[in-house]
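Here is a short tour of a protein model, written for someone meeting structures for the first time. Take a look at the sequence and the 3D view, then read on.

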Amino acid sequence: MNPVKFYLVTDTHYFEPSIGCSGAAYDEYMKREQYFMAESSDIVKATFERIAADKSVDTVLIPGDLSKNGELESHKSFIKELNKLRASGKKIFVITAGHDYGEKSRAFVGDGCIDAEGTPFSVLRDMYADYGYSQALAVDDSTLSYIAEIAPKVRLLAINCDSEGNPKGEVDERLESWMKIQLDEAKKDGCSVLAMCHYPMIPSVPVFDLVGDAKLKNWRRTASFLADNGVEFILTGHMHIQSINEYVSEKGNKIIDICTACLVGSPAKYRKISVDGDTLTVDSIDTPEFRGDTDGVELEEFFDRQFVCSIQNRILGALSGGKGAVKLLKSIGRKILGGITVGGLGRLLWIKTDKSIRKTKFIDFAGNLGVAIFKGDMPYAAGTPEGDAIARVLKRFGFIIRKVEPKLSKNGIKVDLTDMLLNTVSNNKGYSDNNAVMKLGNGGEK
Ligand SMILES: [Fe+2]
Ligand SMILES: [Fe+2]
């Protein structure tokens with residue numbers, strides 16, 4: 001591939017604060033939200049200013065979930081920020097995704113929640129005309145997928161899998177046929193093609209293969225199609241996670257999926273990516289300091305605290321409600337999980353736990369584990385206190401896992417749940433999810 005360098009920023013979830021993001025309903029909503037809403041505009045501004053100052057890179061790619069929930073005012077303000085970034089000399093290519101249109105738009109005013117004016121899918125092409133569509137060599141009108149040249153002899157195939165023109169989270173046969181025409185054309189013109197798509201192409205961690213919305217439907221088919229048609233890597237978002245994965249098609253062609261975190265929520269990263277010949281270099285950069293208040297704590301802690309809190313509230317929230325005996329059982333479960341330590345839970349399950357984690361509250365352990373998975377490079381291999389504790393829990397519940405596995409196995413692909421979970425908490429890939437130097441093509445990673 002000819003040399004190309006760009007920034008990859010995704011899931012900016014920009015919200016225009018003047019339409020309302022405060023009050024009792026907002027505070028309640030934020031208890032379960034992973035990423036920041038009131039602060040998102042300041043975070044985006046600070047990030048774009050930093051990118052604008054780097055004169056060594058002239059291209060920025062943004063694969064979707066540009067706005068919080070498709071509020072028209074959020075799009076308008078976000079586009080103003082894109083305009084400023086473009087005026088600094090950057091070429092910017094975006095695709096939209098599920099959070100950019102539809103009827104989910106709302107704002108928080110007073111102590112309540114109100115509907116905000118949303119954005120129909122049909123107007124997104126015109127709104128973002130300067131950010132991909134006017135530069136495109138071809139546009140698929142129904143999904144707003146497109147192909148554009150972003151560097152000499154290097155084309156970007158921007159695949160919109162989260163539109164009104166296609167089954168959600170899927171590349172269907174019609175879109176695949178359109179892509180085949182573009183890929184054949186690129187080949188004929190002697191161009192290399194890299195791709196971007198909102199949904200991860202490959203499950204970011206093994207267990208996400210079991211979660212419907214966590215990756216493209218029929219991902220093996222689409223990954224093979226792209227790899228067999230010369231696409232060597234793809235840039236994705238949606239899951240708000242840092243991960244890099246490889247997949248090799250039956251014909252032996254490799255594709256790399258670089259999935260990047262949400263800019264405005266933990267792990268709060270964006271990437272600088274370059275290709276030179278067959279070497280792909282991926283660097284991750286922390287979301288920068290921004291204008292707003294971070295409660296007097298370091299930025300990383302500020303982001304992580306929100307994410308941990310949302311995980312804990314979701315766990316405890318799942319254990320509330322119901323009626324009669326169910327309500328009683330849930331409230332007992334909530335009390336136990338809310339207060340028990342890892343050591344205490346270990347004793348209940350007849351599992352030995354290392355003394356370094358024994359006094360940690362289970363609910364803190366669970367929150368921190370969730371955040372760690374989304375940061376990538378999971379360190380909980382066999383031999384670590386956390387890795388060993390998780391392995392023992394899985395062994396203890398082996399009799400259930402063995403019953404569940406056949407139900408999870410589909411299309412001739414056998415699920416080994418224990419292996420999936422252990423490889424989710426431990427990065428055994430041989431390269432980092434954050435900063436990696438990979439070899440393109442079929443030679444394996446460097
Ligand atoms: Fe998102
Ligand atoms: Fe998404």
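In this predicted model, the donor residues of the iron ion (ligand 2) follow the sequence spacing D-x132-H-x39-H. Which residues coordinate the iron ion (ligand 2)? They are D65, H198 and H238, at 2.2 to 2.3 Å. The table pairs each residue with its donor atom.

| Donor residue | Donor atom | Range for the site |
|---|---|---|
| D65 | OD | 2.2 to 2.3 Å |
| H198 | NE2 | 2.2 to 2.3 Å |
| H238 | ND1 | 2.2 to 2.3 Å |

D65 and H198 link distant parts of the chain, as they are 133 residues apart. You can find D65 in the loop between β2 (59-63) and α3 (72-87), while H198 sits in the loop between β9 (192-197) and α6 (219-228). Are these two residues buried or exposed? Both D65 and H198 are buried.

Now let's turn to a pair of helices. Two packed helices are described by the angle between their axes and by the distance between those axes. For α12 (residues 385-396) and α14 (residues 417-424), the axes come within 11 Å and cross at roughly 165°. Angles over 145 degrees count as roughly antiparallel, so α12 is roughly antiparallel to α14. Their crossing is right-handed.

Which residues make the contact? From α12 come I390, A391 and L394, and from α14 come T418, L421 and L422. Sorted by type, the contact residues of α12 with α14 are 5 nonpolar, 1 polar and no charged.

How values were computed: Residues numbered from 1 in each chain as written. Chains lettered and ligands numbered in written order. Predicted model: local features only at pLDDT ≥ 70, side-chain atom pairs only at ≥ 80, totals over all residues. Heavy atoms only, no water. Donors = N, O, S within 2.8 Å, 3.2 Å for Na, K, Ca; no water. Helix = DSSP H or I, 4+ residues; strand = E, 2+ residues; numbered from the N terminus. Buried < 20%, exposed > 50% of the residue type's maximum accessible area, 1.4 Å probe, protein only. Axes fitted to C-alpha atoms, helices over the stretch in contact; angles between N-to-C directions. Parallel < 35°, antiparallel > 145°, perpendicular 65-115°, else oblique. Left-handed = near helix turned anticlockwise from the far one by under 90°. Contact = heavy atoms within 4.5 Å. Nonpolar A, V, L, I, M, F, W, Y, C, P; charged D, E, K, R; others polar.
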